[in-house]
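Visitor: Hi, could you walk me through this one? I'd like to hop between a few spots and ask as I go.

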Amino acid sequence: MTENGPQIAWQTCVIDEIVQQTPSIKSFFLRLSKPFVHIAGQHVDVRLTAPDGYSAMRSYSIASSAISSPTIELAIERLPDGEVSAFFHDIAAVGDEIELRGPLGGHFLWPEPAIDAVLLIGAGSGLAPLMAMIRQRRTLKPAVPTALLLSARTAQDVLFSEELHSVEISDAAFVLALAITREKPVRASDFSRRIDSMMVQEIVARLHRKPTQVFVCGSNGFVNIATEGALLAGLDPSSIKTERYGG
């Protein structure tokens, strides 16, 4: 069900666990009162309401695998002047109740069945929906060739770093490349600059085939730059899907 279908009602969930993933990103594991099945790439709306009636709402991608579960994972990055992200980072605690509705989104979705190569490009918490895709892909046999090009300031800022490296080691059809912008990367397969068209071309070459599905997620500025790089690398504009976050 998406926002294009019947109206999806708000529900209450409980924060079961909070995990500090990077210096600026925490994972929140939310136990739903009305469990749902989502598709990798979908998101939920979260609504906070103050005692005086003031409310704020933000959308967050679901990072957990697209399986039937009473718990979903949201990876929330603390953003400058972000009132909702600040609440989660500074105030929210295990046991707190949160309002949300979902799953939402019918455009930025993992292709099923996935047949041809897929390219994922992300930055910061923009990895969340891409991680859901990677996790869903891992449940499929055989897995399609997939590459993740992930931008981060430093190695410490790489979200889900341990899991990503584990997938890379165990899966020959998965390509991982990091674009580290503020320090020299440790691995020779990574880059020490911002994402550009030449970098995208190199990652496509590592896939050994041209991707027919491209997913880009991050801040507005990042998405614009990464999408331009994909276009300059010769990828089909109709194959590129984007998601942007903020607040």
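Guide: Happy to. Let's start at Ile67, which is partly exposed, because its relative accessible area is 47%. Keep in mind that this is a predicted model.

Visitor: Where does Ile67 sit in the fold?

Guide: Ile67 is in the loop between β4 and β5.

Visitor: And how far is it from Gln136, C-alpha to C-alpha?

Guide: The two C-alpha atoms are separated by 8.1 Å, although Ile67 and Gln136 are 69 residues apart along the chain.

Visitor: What does Ser61 touch, leaving aside neighbours within four places in sequence?

Guide: Its contacts are Gln42, His43, Glu73, Leu74, Ala128 and Pro129.

Visitor: Let's switch to helices. How do α2 and α3 pack?

Guide: Two packed helices are described by the angle between their axes and the distance between the axes. Here α2 (residues 127-138) and α3 (residues 161-170) meet at an angle of about 35 degrees, and their axes are 12 Å apart. The crossing of α2 and α3 is left-handed.

Visitor: Which residues meet there?

Guide: From α2 you have Leu127, Met131, Ile134, Arg135 and Arg138, and from α3 there are Glu163, Leu164, Val167 and Ser170. By type, the residues of this contact split into five nonpolar, one polar and three charged.

Visitor: Tell me about Leu164. Buried or exposed?

Guide: Leu164 is buried, because its relative accessible area is 0%. This α3 residue touches Leu127, Met131, Ile134, Leu148, Leu150, Leu159, Phe174 and Leu176, not counting residues up to four places away in sequence.

Visitor: How far is Leu164 from Ile18?

Guide: Their C-alpha atoms are 20 Å apart in space, and the two residues are 146 apart in sequence.

Visitor: So what about the core?

Guide: In soluble globular proteins, nonpolar side chains tend to be buried together. The largest nonpolar core in this model has 31 residues, and the members touching the most other members are Leu120, Leu127, Leu130, Met133, Leu148 and Leu164.

Visitor: Which elements supply at least two residues of it?

Guide: Those are β7 (118-123), α2, β8 (146-152), α3, β9 (174-180) and β10 (213-218). Helix α2 gives the most to this core, with seven residues.

Visitor: Pick one of those leucines. What is Leu148 in contact with?

Guide: Leaving aside neighbours within four places in sequence, Leu148 contacts Leu120, Leu127, Leu130, Ile134, Leu164, Phe174, Val175, Leu176 and Ala177. Apart from that core lies another, of 25 residues, including Leu149, Ala179, Phe222 and Val223.

Visitor: New topic: how many disulfides does the count come to?

Guide: The count comes to zero disulfides.

Visitor: And the cysteines Cys13 and Cys217, what can you say about them?

Guide: Cys13 counts as buried because its relative accessibility is 1%. Cys217 also counts as buried, because its relative accessibility is 3%.

Visitor: What is phi at Asp81?

Guide: Asp81 has a positive phi of about 65 degrees, though it is not a glycine. You'll find Asp81 in the loop between β5 (69-77) and α1 (83-90), and Asp81 counts as exposed because its relative accessibility is 84%.

Visitor: How about phi at His208?

Guide: His208 has a positive phi near 70 degrees, and that residue is other than glycine. The loop between α4 (197-207) and β10 holds His208, which counts as exposed because its relative accessibility is 73%.

Visitor: Last stop: where is Leu109, and what does it touch?

Guide: Leu109 is in the loop between β6 and β7. Leaving aside neighbours within four places in sequence, Leu109 is in contact with Ile39, Ala40, Gly41, Gln42, Met133 and Phe215.

Methods:
Residues numbered from 1 in each chain as written. Predicted model: local features only at pLDDT ≥ 70, side-chain atom pairs only at ≥ 80, totals over all residues. Heavy atoms only, no water. Axes fitted to C-alpha atoms, helices over the stretch in contact; angles between N-to-C directions. Helix = DSSP H or I, 4+ residues; strand = E, 2+ residues; numbered from the N terminus. Left-handed = near helix turned anticlockwise from the far one by under 90°. Contact = heavy atoms within 4.5 Å. Nonpolar A, V, L, I, M, F, W, Y, C, P; charged D, E, K, R; others polar. Core = buried A, V, L, I, M, F, W, Y, C linked by side-chain atoms within 4.5 Å. Buried < 20%, exposed > 50% of the residue type's maximum accessible area, 1.4 Å probe, protein only. Disulfide = S-S within 2.5 Å.
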